[in-house]
Structure formats: C-alpha cells, structure tokens
Amino acid sequence: MTSSPVEAEPSAPGEAVAAPELAVPGNVPPPVVAPERYDLALDGFTIDPSLVQNADPVLRDIGLTNAAANKLLPVARDIMARTQESLVRQIEDAAAAQKKTWHDAFVADPEIGGAHRGETEHFAAKALDALGYLQGHPFRQALNDSGFGNHPDLLRAFRRLGELLGEDGSFVRPLTAASRNRPVWERLYPDETR
C-alpha cells in the first residue's frame, strides 16, 4: 500500500483526525466576483476617474473585489510618492552636476575665466545693471539659482556688452549729447542720406 503525500498525524484514541482542507471535495472557495464597477477611494486624495478606468481591466483580470482593490491603494500611493521623491532627487542631482559643469568651464576658459574671471564678473554685472537687472532683481536671482549665470557663453556675451558700455567703449547710446544735437530728420531716418 502506498502512502498519500499528505497524511494525517496519528491521533489519541477517540480523537477525530482532521483531513486537509483541499482533500475534501466541495470545500472550494467561492469564485471571486469582480464588481460591476470599481469604486476606489483613498482618504485625502481624489482619484482621477480615467485612472480607475485604465486599472479596471487589470483589477478584473487578477480577480480583485472592490474591497481588495481598495486595500491596494495605500500601497500604490506610497510607491508613487517614493517614485516621485526619487525622480525629484535625480533631477536635482542632474541640475547640480550641470551647474558645476558650467562653473568649471567658466573658470577654466582662458578668455573669460582664470586670470580674467574677476574682470568678466565685473563687466557682466555692469551689463546686467545697464539692462535694468540690478542686484536682487528676479532675473538675476534666476541666473544664480539655475546656475545659468555661470554658463560660459552667457558670461562671454554679458562681458562683451559690459565692455561696450565702458567709458571708452564703442557702444553708442541713443540719448547721448551727440545724438540730441542731430537734426530730427537724421534721428528719425538714420539710414537715409541727403
């Protein structure tokens, strides 16, 4: 006689032996019936109906009841929160790396960095001031916060503009004494020759 893979342990005289649940025919759990419509709710959150609509076939496929699907929501919320935090951290790290790259490129640039760094910063600040972006202006703050203010090409452009604004620069301002003494027709039509 062969023994079955699942045998009941011997019992004391007079004690009934419990058969394994799966061995009893008719002891099959009732099939899970998916609801006609899933009503998902999570305290403190509004769930987008289109997300529920997209999740519906998956929830039905794995045979979840409405109660079981709602039990998963807090876990899904935590997964999303951690994913979002991780993504924000990655973006911040990438931005910090980009800022450092621009700063290092500026400092190493032989034309505007190195020994010329202080001069470049002076002329760039002068150009920003002349354009109306004085120290503390939101645009200037954005340049500092983003690190874009250390981009070599931006600094090169502002340095050149600052140099043109110098006392001996060749930048012609429209309201200088020379321009005010010219006849009106020359000021209105500078490209016309007489």
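**View 1. Arg 159 is a residue of helix α5.** The model is a predicted one, in which local features need pLDDT of at least 70 and side-chain atom pairs count only at pLDDT 80 or more, whereas totals for chains, interfaces and linings use all residues. Residues are numbered from 1 along each chain as its sequence is written, and side-chain values use heavy atoms, with hydrogens and water left out. Helices are DSSP runs of H or I with at least four residues, strands are runs of E with at least two, and both are numbered from the N terminus. Arg 159 counts as buried, at 10% relative accessibility (buried means under 20% relative accessible area, exposed over 50%, and partly exposed in between, with a 1.4 Å probe and protein chains only). Neighbours within four places in sequence aside, Arg 159 is in contact (heavy atoms within 4.5 Å) with Ile 112, His 116, Glu 119, Thr 120, Phe 123 and Ala 124.

**View 2. Thr 120 belongs to helix α3.** Thr 120 is buried, its relative accessible area being 0%. Not counting residues up to four places away in sequence, Thr 120 touches Phe 106, Ile 112, Leu 155 and Arg 159.

**View 3. Helix α3 (residues 117-130) packs with helix α4 (residues 138-146) at an angle of about 145°.** The axes of α3 and α4 are 11 Å apart; axes are lines fitted to C-alpha atoms, for helices over the stretch in contact, and angles run from 0 to 180 degrees between N-to-C directions. Ala 125, Leu 128 and Asp 129 of α3 make the contact with Phe 139, Arg 140 and Leu 143 of α4. By class, this contact of α3 with α4 has four nonpolar, no polar and two charged residues (Ala, Val, Leu, Ile, Met, Phe, Trp, Tyr, Cys and Pro count as nonpolar, Asp, Glu, Lys and Arg as charged, and the others, Gly among them, as polar).

**View 4. The model has two aromatic pairs.** Rings of Phe, Tyr and Trp (its six-membered ring) pair if their centres lie within 6.5 Å; planes under 30 degrees apart count as stacked, over 60 as edge-to-face and the rest as tilted. The ring planes of Trp 102 and Phe 148 stand at 70°, with the centres 5.3 Å apart, so this pair is edge-to-face. Trp 102 is in helix α2 (residues 66-108) and Phe 148 in the loop between α4 and α5 (152-164), so the pair ties together parts that are 46 residues apart in sequence. Tyr 133 and Phe 139 form a tilted pair, 4.6 Å centre to centre and with 45° between the planes. Phe 148 is partly exposed, with a relative accessible area of 35%. Tyr 133, at 28%, is also partly exposed, as is Phe 139, at 33%.

**View 5. The largest pocket holds about 450 Å³ of space.** On a 1 Å grid over the protein atoms alone, a pocket is an open set of points with protein on both sides within 12 Å along at least five of seven lines, a cavity is a set where a 1.4 Å probe fits but cannot get out, and lining residues have an atom within 4 Å of a point. Grid points are joined across faces, edges and corners, and a volume is the space filled by probe spheres set on the points. Among the 18 residues that line the largest pocket, Ile 47, Leu 51, Leu 73, Ala 76 and Arg 77 are the closest to its centre. Helix α2 gives the most to this lining, with eight residues.
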